[in-house]
Amino acid sequence: MTRAAASIEAVFREERGLLLAALVRRFGDLDLAEEVTSDAIEAALVHWPAEGVPPKPGAWLMTTARRKAVDRLRRDQAYAARLAVLQVEAERAAPAPSPGGDLPDERLQLFFTCAHPALSAEDRTALTLRCLAGLTTPEVARAFLVPGATMGKRIVRAKNRIRTLRIPFRVPDADELPARLPGVLQVVYSIFTEGYAASSGPDLQRLDLAEEAIRLARILRRLLPGEREVAGLLALMLLIHARRAARTGPDGDLVLLDDQDRGRWDRTMIEEGAALVVVALTGGPPGLYGVQAAIAALHDEAADVASTDWPQIVGLYDVLRGLAPSPVVELNRAVAVAMRDGPAAGLALLDGLAEEPRLREYSPFPTARGDLLSRLGRHADAAAAYQEALALAGTEPEREHLRRRLAECPKP
């Protein structure tokens with residue numbers, strides 16, 4: 001990719017979510033906003049390579065998108081009339097704004113709209129990842145471990161439900177926040193997860209997405225300082241993101257936790273995250289993100305893998321499986337048990353998960369099996385597990401790492 005192309009792509013990453021949210025607020029229709037956002041970006045791809053990126057690219061995109069929206073509405077008067085009615089109804093239903101009560105970023109307003117409790121939890125996150133984070137439908141599908149066609153239908157269903165129920169684009173009232181906040185936190189963390197471990201492409205990490213998720217979590221933390229799970233989510237992301245520089249080698253290759261240079265970890269970020277863990281776990285029962293942040297803190301505070309407090313990590317996974325049981329939690333717990341009790345104990349737990357449908361297309365599962373089988377000297381079985389993982393891996397660094405693991409397996 002040329003420097004100019006990279007610059008244009010960076011602008012699109014920065015501006016797309018802002019543009020889409022502003023257009024939804026202006027026209028009250030997500031499909032129209034997506035359509036004209038895409039049109040504006042396509043126009044930029046025609047003009048900017050030849051004319052250069054304008055001094056205010058966001059304003060250029062907004063002007064272009066608004067013109068295209070107006071053109072669309074002029075062509076379809078019935079559609080325009082329907083939008084006008086929806087906007088009037090939304091304005092009547094919206095509460096009067098309280099001083100200082102508005103969220104400082106329209107993207108977060110759209111997050112709360114997409115996290116409306118009338119939508120299922122899966123639909124909320126899928127829709128927001130697709131629309132606001134700019135992930136493709138296959139990328140969102142991979143994040144949910146479901147086929148692309150299934151995810152496409154889910155996103156369409158969520159949009160139709162927003163339209164049918166006439167869910168307004170607005171900041172929720174204070175009494176609505178407790179019901180809406182978990183959905184928003186899930187959306188933000190899903191964006192971070194895609195940034196921490198990209199679902200596809202040439203790079204292991206998408207730092208722009210991870211940093212965007214952290215930025216949004218900081219805004220939520222300022223708005224809702226009394227919400228311990230907001231503190232927990234921010235802590236979790238900071239403690240994981242602190243390792244970003246050590247997770248890849250000079251050529252972008254994957255470096256596992258065991259082999260990372262911990263001197264490259266961001267200690268300032270770790271200290272901030274550890275302080276937030278205390279906030280998240282103080283004053284009431286532990287929450288989903290607070291417990292995960294506590295696990296991340298134990299990893300970050302250890303001098304090396306051998307001195308990590310694996311018994312406490314297993315105990316925290318026991319708490320986590322009670323809060324949010326899932327095959328992925330069981331997978332991570334099994335790996336921790338292997339570190340505490342030995343590879344045979346961990347492998348027995350993994351083998352008990354072999355029939356879990358959500359793990360059949362999840363490359364970390366056969367990768368973990370391969371690692372434990374290798375430690376047990378079962379090299380032929382390890383090679384078969386690595387081959388399975390290689391077929392499922394989404395990024396080139398993951399595939400290259402698995403090729404190396406395969407090459408290291410002694411031949412019979």
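Reader: How do helix α15 and helix α17 lie relative to each other, roughly parallel or roughly antiparallel?
Author: In this predicted model, the axes of α15 (residues 327–341) and α17 (residues 364–375) come within 11 Å and cross at roughly 15°. Angles under 35 degrees count as roughly parallel. Therefore α15 and α17 are roughly parallel.

Reader: What is the handedness of the crossing where α15 passes α17, and how many charged residues does the contact have?
Author: α15 passes α17 in a left-handed crossing. On the α15 side the contact is made by Leu331, Val335, Ala338 and Met339, and on the α17 side by Pro364, Phe365, Ala368, Leu372 and Arg375. By class, the contact has eight nonpolar residues and no polar ones, and the number of charged residues is one.

Reader: Which helices do the buried residues of α11 pack against?
Author: α11 is mostly covered, with 12 of its 14 residues buried. Among them are Val230, Leu233, Leu236, Met237 and Ile240. These buried residues of α11 pack against α9 (177–196), α10 (207–223), α12 (267–280) and α13 (288–301).

Reader: What distance separates the end C-alpha atoms of α11?
Author: Helix α11 covers residues 228–241, which is 14 residues. At 1.5 Å a residue, α11 should therefore span 20 Å. The model agrees, since the end C-alpha atoms of α11 are apart by 20 Å.

Reader: How do α11 and α12 run, roughly parallel or roughly antiparallel?
Author: The axes of α11 and α12 come within 8 Å and cross at roughly 155°. Angles over 145 degrees count as roughly antiparallel. α11 and α12 are therefore roughly antiparallel.

Reader: How many nonpolar residues does the contact of α11 with α12 have?
Author: The crossing of α11 and α12 is left-handed. From α11 the contact includes Arg228, Ala231, Leu234 and Leu238, and from α12 it includes Met269, Glu272, Leu276 and Val279. By class, three residues are polar and two are charged, while the number of nonpolar residues is 12.

Reader: Which residues of α3 are buried?
Author: Helix α3 takes in residues 57–75, and its 19 residues should span 27 Å, which agrees with end C-alpha atoms 27 Å apart. The buried residues of α3 are Pro57, Gly58, Leu61, Met62, Thr64, Ala65, Ala69, Arg72 and Leu73.

Reader: How many strands are there in the protein, and what share of its contacts joins residues at least 24 apart?
Author: The protein has 19 helices and zero strands. Buried residues make up 49% of its 412 residues. Among contacts between residues at least 6 apart in sequence, the share joining residues at least 24 apart is 64%.

Technical notes: Residues numbered from 1 in each chain as written. Predicted model: local features only at pLDDT ≥ 70, side-chain atom pairs only at ≥ 80, totals over all residues. Heavy atoms only, no water. Axes fitted to C-alpha atoms, helices over the stretch in contact; angles between N-to-C directions. Helix = DSSP H or I, 4+ residues; strand = E, 2+ residues; numbered from the N terminus. Parallel < 35°, antiparallel > 145°, perpendicular 65-115°, else oblique. Left-handed = near helix turned anticlockwise from the far one by under 90°. Contact = heavy atoms within 4.5 Å. Nonpolar A, V, L, I, M, F, W, Y, C, P; charged D, E, K, R; others polar. Expected span 1.5 Å × (residues − 1). Buried < 20%, exposed > 50% of the residue type's maximum accessible area, 1.4 Å probe, protein only.
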